[in-house]
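Please read the points below with the sequence and the coordinates open. They are notes from one pass through the model, set down by region.

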Amino acid sequence: LKCARAVVADHGGQFPATRAGLLTLPGIGPYTASAIAAIAHDERATVVDGNVERVMARLYRVETPLPTAKPELTALAETLTPAQRAGDYAQAVMDLGATICTPRKPACGICPVNTACLARLAGVQADLPRKLQKAEKPVRRGTVWLGHRDGAVLLERRPERGLLGGMLCLPGDGWDGAGGPAPAPADWQKLGEVRHTFTHFHLILAVMAARIDGPASRGEWVPRHRFRPADLPTVMRKAWDIARDRLEA
Ligand code: SF4
């Protein structure tokens, strides 16, 4: 809708016919702008997707790993783009990558550019394009405490800022610096561990449970009939699932 408004407001109701004009529209990035310009308007625009990158990396035997190699691969694709029928060229290279120069086991024997392919000549086509190794996610450890008494469980809301911000959780320690000590002295028993993966780290949480008879230093008592486990974030629901069986046993 934003794009349609921009066409009316900024382009007199005419859809831009050039790559540069298309790039001014909301929601249209370099790939789409190039594809429309080349295929619909026969502009000498170069379309680069994952298939094209793979073909270029092999054709020219580019050893630089992705994503660092992206500008180099785009430049190579541009040098091959013809002045005429750029749209046909774009579709041909994308099709080549999708059907013949596939990620695993490229069918070099039937490839129309196999005599020019440097990776094939060197026998390294299956190794290209290279990719930067992803950094291993760190593992953090923490503890949550499920305090209970007389049909109520002790829960607390996380700080608004940070991981699981503002969500209802079991009181936990500082795996991310936002926790604290056990909510009360009690005969804490370890019930097990849960594992959960966040975007930047793996978390292993020890789940402790105990009846709390005295005052709690943090959290609020929630009667079981008002407590809905579905309100907990996934990692806390995993912890609750371990503890619940024990509480109901
Ligand atoms: S010869 Fe093989 S590796 Fe080279 S472009 Fe063709 S299919 Fe890809």
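1. Strand 2 (residues 152-157) pairs with strand 6 (residues 220-223) in the antiparallel sense through four bridges. Within this pairing, L154 has W221 in strand 6 as its bridge partner. Strands here (E, at least two residues) and helices (H or I, at least four residues) are DSSP runs numbered from the N terminus. Two strands are said to pair if DSSP finds at least two bridges between them.

2. A word on the basis of these notes. The model is predicted, so local features are taken at pLDDT of at least 70 and side-chain atom pairs at pLDDT 80 or more, while totals for chains, interfaces and linings use all residues. Residues are numbered from 1 along each chain as its sequence is written, and side-chain values use heavy atoms, with hydrogens and water left out.

3. How enclosed is strand 2 by the rest of the structure? Five of its six residues are buried, so strand 2 is largely enclosed. Buried means under 20% relative accessible area, exposed over 50%, and partly exposed in between, with a 1.4 Å probe and protein chains only.

4. The hairpin of strand 1 and strand 2 has two residues between the strands, and D150 there takes a positive phi near 45°. On its other pairing, strand 1 (residues 139-149) runs parallel to strand 5 (residues 202-211), with 10 bridges between the two. In that pairing, G142 stands opposite L205 of strand 5. When checking side chains along the sheet, recall that in a regular strand they alternate between the two faces.

5. R158 lies in the loop between strand 2 and strand 3 (168-169). Is R158 buried or exposed? R158 counts as buried, at 11% relative accessibility. R158 and P171 are 13 residues apart in sequence, and their C-alpha atoms are 8.6 Å apart in space.

6. The ligand sits in the largest cavity. A cavity is a set of points, on a 1 Å grid over the protein atoms alone, where a 1.4 Å probe fits but cannot get out. A molecule sits in a cavity if more than half of its atoms lie within 2 Å of the grid points. The residues around the ligand are R58, I100, C101, P106, C108, C111, V113, N114, C117, R120 and Q125; each has a heavy atom within 4 Å of the ligand. By class, this shell has seven nonpolar, two polar and two charged residues. In that count Ala, Val, Leu, Ile, Met, Phe, Trp, Tyr, Cys and Pro are nonpolar, Asp, Glu, Lys and Arg are charged, and the others, Gly among them, are polar.

7. Helix 1 (residues 2-11) has C3, A6 and V7 buried. Seen down the helix axis, the buried residues fall within an arc of 105°, so they line one face of helix 1. The arc is taken over the directions from the axis to the C-beta atoms. On the other side of helix 1, R5, V8 and A9 are exposed. Just after helix 1, G12 has a positive phi of about 60°.

8. Some backbone values deserve a look. Most residues other than glycine have a negative phi, and most peptide bonds are trans. D42 is not a glycine, yet has a positive phi of about 55°; D42 is in the loop between helix 3 (30-41) and helix 4 and is partly exposed, with a relative accessible area of 39%. R85, also not a glycine, has a positive phi of about 55°. R85 is in the loop between helix 5 and helix 6 (86-99) and counts as exposed at 55% relative accessibility.

9. The bond from L128 to P129 is cis, with omega near -5°. P129 is found in the loop between helix 7 (118-122) and strand 1.

Conventions:
1 Å grid on protein atoms, 1.4 Å probe; cavity = no way out; pocket = protein on both sides within 12 Å on 5 of 7 lines; lining within 4 Å.
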